[in-house]
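This report describes selected features of one protein model. The sequence and the structure are shown first.

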Amino acid sequence: MIRRTWLLFFIILGLLTLEAKPPQLEVRDVQAKVEEVLKAHVCYKKLDHEIASRILQNFIEELDPTKTYFLKDDIAAWLEPSEETLNRVLDGFRKGDFVVFREIHETYMGAIERRSHLASQIDQAEMPDGVKNDEFKDLQWVTSEQELVNRLVRIKALQLAAADRMGGDSRDKFIQRIEKRRANREAEIIGSTPEETHRLVLTFILKATTSALDAHTNYFTPNEANQFMIQVQQRLFGIGAQLRDDLDGLSVVRLLEGGPAILSHKLKINDKIIAVNQEPVIGMDITEAVELIRGEKGSSVLLTILRNVEEEGQERHVETHEVEIVRNEVVLEETRLETQLEPYGDGIIANLRLFSFYQDPKSSAASDIRKAIETVQENHKLKGVVLDLRSNAGGLLTQAVNVTGLFIHKGVVVSVKDNTGRVQHLRELEGNPAWEGPLVVLVNRASASAAEIVAQSLQDYGRAIVVGDDHTFGKGSFQTFTLDPVNHPKVNPQGEYKVTRGRYYTVSGKSPQLVGAASDIVVPGILSQLEIGEKYAKFPLTNDAIDPHFEDDLSDLSPFHRLQLGPTYKYHLQHKMDIYGPYFEVLKKNSALRIASNKNYQSFIAEMEKKNFDADPIDLFGQSDLQLAETMNIMKDLIFLKASDETPLR
């Protein structure tokens, strides 16, 4: 997969990239950091042939992420390395001699020179019509100069087609701008002095090595570490949009709740930004585009966008629009919990949309949900609760435990196995659930980490029915970061790293790692067909399991704490239940029939299968949220069926 073309990122965060000057790295720094990472990592304690092969692959792709420089023959010896080559790589880490990586870097410098020689062929080539972004997904290395020329010509045609819709600058000026940006990037990777080149190679070695271990272990340059901490602290500036670089512009993938873009109602999912303040971003390095979009709070940014439009009786066509958005601070915690009530019979159903698992001195996810439920019960007859965790990317693990505890009695919620193999259990200790009635958890493929723990734990205990996309994201691991924003906020000039330390497991002993939490009843949503999730990562951790802990023996605690907790904790433990089992077949059958009979839903599914749908369901399908509406129908069926069972015979 082309990392640059299909990389998702928050535009308000900026992309993590090398700064103008490489980090102050020496060979001993690389050796020390690799040793530290391996010591902390959950799986890999030493480099072996498999990891060495991954490192070579990563190093090559760090240099040429778009596969537009190397020919396959240039790098064949490293793409499919011999045992001798792998041994040279491993010896290099032990002895501090990274000659193999210098050889690859020198080959890349030759590839840059070759591409310059091919420029005249590209300039003289006739531009093809109908080039699509999908062509540049999952690219393979080209095998000849002519194939490389053809690829570059098609990329150029894609970019020019988008540029033509802008008007203004001539094609010649646009091409000059792209070529200048390409030359600048090449100069940054080559380095201006032998010392700078040496440090650049060491930087790429660290990036390639850490990311070879798993999808969430990474090395950060000092500039990247600062950017990462902005994300961790969740105080961000810009427009509040998640974008994807598609070579011919920046496609809007997501609008952040409470952000300027979504509040302006001017930007939509799948819009493609082709210029910022009339400066074309096609072919621009992604970091430059980020800097153009970011700016002072209260200032305006003008975006030129392409929008797919499909009007009744007409074929889908593309329109060019200019939209102005006022920049603002985006605090991710602002939108935390939303409560919606839907009347049903003599009561109501509460939909609780939780966006993250947060906690601060004033509030938390669990306390806010408890208050919401209590408020509803004071004013209405509460008949059912839908806990909506769609696109909830996680948060604090302790809050995942506390939120689960709102719906169960005492018991293990999640277990953590660290890099030493030690297992610790996090438990609900209070035994004071806020709601013990019908419960449905709504998820999608973007429900991750803490959200998956809550969904799967409630499912494990039989306390909730999980509804939504076929599975959640599949992140069942946890990481630690070497930079402490509170106690040690100063960034190391040699850079920082994030390392995967362990996995999470719910009470059944299953981990959502890689596979996600599976829905009991599949109800398609806007993300159902998208290739997002841990299993699509480059080197994801495998899935494993531990023993179930429904019967909690407190074996992870010291004898003193076991004795102290035991008598009170053991009373009224949450047991595994089957309160929904008798209704599953009817619920599934009814849901499938409703979806099959709903013309709007069928149109929606057809568009998703094309993978070119407009992710704003209001425009396409006449309903604000088809997935939620069907989930509410499932809840209504459940309430009705349970009430029927409880009605005494006469």
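## Overall content

The model is a predicted one. The protein contains 20 helices and 20 strands. Of its 650 residues, 53% count as buried. Among contacts between residues at least 6 apart in sequence, 76% join residues at least 24 apart.

## Helix H15 and its ends

Helix H15 covers residues 450-460, and eleven of its eleven residues are buried, so the helix is largely enclosed by the rest of the structure. The buried residues of H15 include the charged pair Glu452 and Asp460, as well as Gln456, Ser457 and Gln459. Ala450, Ala451, Ile453, Val454, Ala455 and Leu458 of H15 are buried too.

Several elements take part in covering these buried residues. Among the strands are S13 (382-388), S14 (411-417), S16 (439-443), S17 (465-468) and S19 (496-506). Helix H14 (397-405) is also part of the cover.

Ser449 lies in the loop between S16 and H15. Its phi is positive, at about 55 degrees, although Ser449 is not a glycine. Most residues other than glycine have a negative phi. Ser449 has a relative accessible area of 11%, so it is buried. Just after H15, Gly462 takes a positive phi of about 75 degrees.

## Helices H17 and H20

How do helix H17 and helix H20 cross? The axes of H17 (residues 584-597) and H20 (residues 626-646) come within 10 Å and cross at roughly 145 degrees. The crossing in which H17 passes H20 is right-handed. On the H17 side, the contact is made by Val586, Leu587, Asn590, Ser591, Arg594 and Ile595. H20 contributes Glu630, Asn633, Ile634, Asp637, Leu638 and Leu641. By residue class, this contact of H17 with H20 divides into six nonpolar, three polar and three charged residues.

## Aromatic rings and charges over them

The count of aromatic pairs comes to twelve. One of them is formed by Phe93 and Phe101: the ring centres are 6.2 Å apart and the planes stand at 80 degrees, and since planes over 60 degrees apart count as edge-to-face, the pair is of that kind. Both of these phenylalanines are buried. Phe93 and Phe101 also belong to one aromatic cluster, together with Phe59, Phe98 and Phe204.

Lysines lie over ring faces at two places described here. Lys588 lies over the face of Phe584, at 5.9 Å from the ring centre. Lys67 lies over the face of Trp141, at 4.8 Å from the ring centre.

Is Lys67 buried or exposed? Its relative accessibility is 5%, so Lys67 counts as buried. Phi of Lys67 is near 55 degrees, a positive value in a residue other than glycine.

| Pair | Separation in sequence | C-alpha to C-alpha distance |
|---|---|---|
| Leu86 and Ile51 | 35 residues | 9.3 Å |
| Glu609 and Gln529 | 80 residues | 6.6 Å |
| Asn600 and Leu626 | 26 residues | 8.5 Å |

Leu86 is found in helix H4 (residues 83-95). With 8% relative accessibility, Leu86 counts as buried. Leaving aside its neighbours within four places in sequence, Leu86 is in contact with His49, Ala52, Ser53, Leu56 and Pro81.

Glu609 and Asn600 are both placed in helix H18, which covers residues 599-610. The relative accessible area of Glu609 is 54%, and the cut-off for an exposed residue is over 50%, so Glu609 is exposed. Asn600 has a relative accessible area of 31%, so Asn600 is partly exposed.

Definitions and conventions: Residues are numbered from 1 along each chain as its sequence is written. This is a predicted model: local features need pLDDT of at least 70, side-chain atom pairs count only at pLDDT 80 or more; totals for chains, interfaces and linings use all residues. Side-chain values use heavy atoms; hydrogens and water are left out. Axes are lines fitted to C-alpha atoms, for helices over the stretch in contact, and angles run from 0 to 180 degrees between N-to-C directions. Helices (H or I, at least four residues) and strands (E, at least two) are DSSP runs, numbered from the N terminus. A crossing is left-handed if the near helix is turned anticlockwise from the far one by less than a right angle, and right-handed if clockwise. Contact means heavy atoms within 4.5 Å. Rings of Phe, Tyr and Trp (its six-membered ring) pair if their centres lie within 6.5 Å; planes under 30 degrees apart count as stacked, over 60 as edge-to-face and the rest as tilted. Buried means under 20% relative accessible area, exposed over 50%, partly exposed in between (1.4 Å probe, protein chains only). A charge sits over a ring if NZ of Lys or CZ of Arg is within 6 Å of the ring centre and within 35 degrees of the ring normal.
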